[in-house]
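Please keep the sequence and the structure at hand while reading.

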Amino acid sequence: MSQPSGGTSGRRPHFRGFDGLRAIAAGTVLVHHAANLAGSDHRTSIGAYFDHMDIGVAIFFLISGFLLYRPFVWSHLAGDPSPGLGRYFRHRALRIFPAYWVALTVIVVVFGAAALQIRNVWDAFVYYGLFQIYSPAHLWGGVAQAWSLCTELSFYAFLPLYALLVRRLARGGDDWRVLGVEIAGLATMYWASVAFRVWEFHAFPAHPETLRWLPANLDYFALGMGLAVASSWSALRADRRSAGRGAGWASAASWALAGVCFWLVASRYSVSRGVLPGLGVGLATQALYGAAALFLLLPAVFAPGDHGVVQRLLSSRPMAYAGKVSYGVYLWHVFVLLLWYDATGTLFFSGGLTRLLLTGAVGAMLLASVSWFAVERPALNLARRIDRDAARRRPPAVPPTLDAPGAGSRLLDRAPTG
């Protein structure tokens with residue numbers, strides 16, 4: 001959920017459409033949970049599509065893979081120093097934990113059932129530390145949907161180690177060797193994730209919580225990281241002045257392919273409520289979720305400006321704001337939905353999806369806005385303030401001479417300057 005800034009061809013560019021993608025991801029998860037609580041995921045003719053709206057988690061994972069790996073892969077391809085790990089971990093921690101801790105504390109205080117899940121210091125450590133996916137007894141307690149934050153957190157720890165390994169394997173090579181190592185590494189990561197799922201299905205068939213672990217979801221992150229490789233390579237080598245030609249049609253085609261992937265998974269690979277999918281269904285669902293998310297992201301990565309309906313939608317003010325507060329929507333929406341049931345006395349699985357969705361969307365947006373202005377934005381400003389203080393204390397760098405080893409980059413002489 002990083003927020004890069006700068007020029008479109010630089011190490012930390014700003015990809016305008018990603019706020020809109022975050023809004024889509026959070027919205028699909030909200031629809032999935034509302035439909036599940038209303039019983040509409042299996043009761044209506046389009047219930048299978050509601051059931052598969054949890055694809056939003058895959059979208060979030062691809063977004064993280066792309067945005068977080070891009071500074072690393074840029075440094076690999078351009079021959080620049082690696083990003084500072086202090087800044088990286090500081091921004092990740094301040095982006096995730098403060099808002100989550102506030103949401104968890106409020107939900108625990110309000111909901112007695114959740115409060116019973118935190119009975120001692122160990123329970124508090126598990127929930128506040130985001131370790132619940134590793135304990136079946138804690139998996140669905142507290143903020144139930146926060147299991148994906150646990151997976152994200154493990155990815156944050158994994159990514160710098162992976163980037164260091166890639167840099168060392170590619171050390172001393174030319175541009176194409178670096179690119180080859182990047183592609184080979186991501187292909188290995190993707191298929192290792194598939195292999196883990198196959199092994200997990202046979203080794204722990206009664207414990208699907210292991211499918212929340214990072215190894216089972218590395219394929220999603222690998223797809224996003226692959227986009228980072230392609231984006232950096234393209235930005236460093238190509239003249240993109242004519243990239244807008246046909247961008248609108250290409251973006252619409254990409255989203256159409258995302259729709260086809262989603263239609264396939266909803267029409268061919270749905271299972272009844274409470275029934276664990278077989279290995280084939282699980283693998284197909286995972287692959288199609290990843291493909292659909294990939295096609296959704298492509299226009300935001302490669303299509304510049306406002307060329308076409310897709311770009312205008314993603315960069316519109318309502319989508320940009322919804323994306324800005326999407327983390328809060330993700331944290332609070334189940335709380336709002338359950339609060340509505342508690343306040344109205346409505347029975348679960350009794351229908352009323354439209355009213356529930358409207359209530360959930362409005363309530364989640366209100367709480368998410370409070371979270372953004374009162375917690376998230378101040379935490380991000382604190383991270384930036386620490387960055388500035390650290391930069392002031394850092395001794396000035398001595399610029400290398402043109403003939404010094406490592407001076408400049410391998411590809412910057414071909415980077416676009418306009």
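Thr151 lies in helix 8, where helices (H or I, at least four residues) and strands (E, at least two) are DSSP runs numbered from the N terminus. The model is a predicted one, in which local features need pLDDT of at least 70 and side-chain atom pairs count only at pLDDT 80 or more, while totals for chains, interfaces and linings use all residues. Residues are numbered from 1 along each chain as its sequence is written, and side-chain values use heavy atoms, with hydrogens and water left out.

With a relative accessible area of 0%, Thr151 is buried; here buried means under 20% relative accessible area, exposed means over 50%, and partly exposed covers what is in between (1.4 Å probe, protein chains only). A polar atom of the Thr151 side chain lies 2.5 Å from the backbone oxygen of Arg212. Apart from its neighbours within four places in sequence, Thr151 is in contact with Phe61, Ile133, Arg212, Trp213, Leu214, Asn217 and Phe221, contact meaning heavy atoms within 4.5 Å.

Ser148 is also found in helix 8, and at 6% relative accessibility Ser148 counts as buried. Not counting residues up to four places away in sequence, Ser148 touches Val57, Phe61 and Tyr330. The side chains of Ser148 and Tyr330 make a polar contact at 2.6 Å; such a contact is a pair of N or O atoms within 3.5 Å, of which, within protein, one must be able to donate a hydrogen and the other to accept it, and residues adjacent in sequence count only if both atoms are side-chain atoms.

The C-alpha atom of Ser148 is separated by 9.4 Å from that of Leu130, the two residues being 18 residues apart along the chain. Leu130 lies in the loop between helix 7 (121-128) and helix 8, has a phi near 60 degrees, a positive value in a residue other than glycine, and counts as buried at 1% relative accessibility. Phe349, placed in the loop between helix 15 and helix 16, has a positive phi of about 60 degrees although it is not a glycine. Is Phe349 buried or partly exposed? At 41% relative accessibility, Phe349 counts as partly exposed.

The helix packing can now be set out by pair. Axes are lines fitted to C-alpha atoms, for helices over the stretch in contact, and angles run from 0 to 180 degrees between N-to-C directions.

| Helix pair | Axis separation | Angle |
|---|---|---|
| Helix 5 (residues 85-110) and helix 8 (residues 147-169) | within 11 Å | roughly 175 degrees |
| Helix 5 and helix 15 | within 10 Å | roughly 10 degrees |
| Helix 15 (residues 326-344) and helix 16 (residues 353-393) | 7 Å | about 135 degrees |

Helix 5 and helix 8 are therefore roughly antiparallel to each other; angles under 35 degrees count as roughly parallel, over 145 as roughly antiparallel, 65 to 115 as roughly perpendicular, and the rest as oblique. Their contact involves, among others, Tyr88, Phe89 and Arg92 of helix 5 and Leu153, Tyr156 and Pro160 of helix 8. By class, this contact of helix 5 with helix 8 has 13 nonpolar, no polar and one charged residues, where Ala, Val, Leu, Ile, Met, Phe, Trp, Tyr, Cys and Pro count as nonpolar, Asp, Glu, Lys and Arg as charged, and the others, Gly among them, as polar.

The crossing of helix 5 with helix 15 is right-handed; a crossing is right-handed if the near helix is turned clockwise from the far one by less than a right angle, and left-handed if anticlockwise. Residues of this contact include Arg95, Ile96, Ala99 and Tyr100 of helix 5, together with Tyr327, Leu331, Trp332 and Phe335 of helix 15. The contact of helix 5 with helix 15 divides into twelve nonpolar, no polar and one charged residues.

Helix 15 and helix 16 are oblique to each other, and their crossing is right-handed. Among the residues that make the contact are Tyr327, Trp332 and His333 of helix 15 and Arg355, Gly360 and Glu376 of helix 16. In the contact of helix 15 with helix 16, 13 residues are nonpolar, six polar and two charged.

For the chain as a whole, the secondary structure comes to 16 helices and zero strands. Of its 418 residues, 49% count as buried. Among the contacts in the chain with a separation of 6 or more, 77% are accounted for by residues 24 or more positions apart.
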